[in-house]
Amino acid sequence: MPKRSSGEGSARKRKDGRWEWSVQLDGKRHYVYGATRQEAHEKYKELRQRFEAGADLGKKSQTVEAYLT
């Protein structure tokens with residue numbers, strides 16, 4: 001895997017054997033996990049695409065107002 005570029009986040013191997021990819025998007029730190037480094041990187045790329053498409057990554061639940069609109 002080539003060297004990461006600026007803003008691409010960082011990867012590390014956790015004690016449980018999984019790989020963690022962390023990146024700061026829109027002022028908030030986001031984490032994705034995978035069994036291999038490559039799998040974690042693929043999940044990071046999917047997260048980055050969702051962010052660039054305008055998806056709200058910070059909220060896990062939706063407000064009633066947002067649901068009704």
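## Strand S1 meets strand S2

Strand S1 (residues 10-13) and S2 are joined by four bridges and run antiparallel. Within this pairing, Ala11 has Trp21 of S2 as its bridge partner. Keep in mind as you look around that the model is predicted.

## On to strand S3

S2 also pairs with strand S3 (residues 28-34): seven bridges join them, and they run antiparallel. Here Trp19 stands opposite Gly34 of S3.

S2 and S3 form a hairpin too, with two residues between them. Its turn holds Asp26, which has a positive phi of about 55°.

## Glu20 in strand S2

Let us now turn to one residue, Glu20, which lies in S2 (residues 19-25). Glu20 counts as buried because its relative accessible area is 8%, and the cut-off for buried is under 20%.

What do the side chains of Arg12 and Tyr33 share with that of Glu20? Each makes a polar contact with the Glu20 side chain: 2.8 Å for Arg12 and 3.5 Å for Tyr33.

Leaving aside residues up to four places away in sequence, Glu20 touches Ser10, Ala11, Arg12 and Arg14, as well as Tyr31, Val32 and Tyr33.

Notes: Residues numbered from 1 in each chain as written. Predicted model: local features only at pLDDT ≥ 70, side-chain atom pairs only at ≥ 80, totals over all residues. Heavy atoms only, no water. Buried < 20%, exposed > 50% of the residue type's maximum accessible area, 1.4 Å probe, protein only. Polar contact = N/O pair within 3.5 Å; in protein donor to acceptor, adjacent residues only side chain to side chain. Contact = heavy atoms within 4.5 Å. Pairing = 2+ DSSP bridges.
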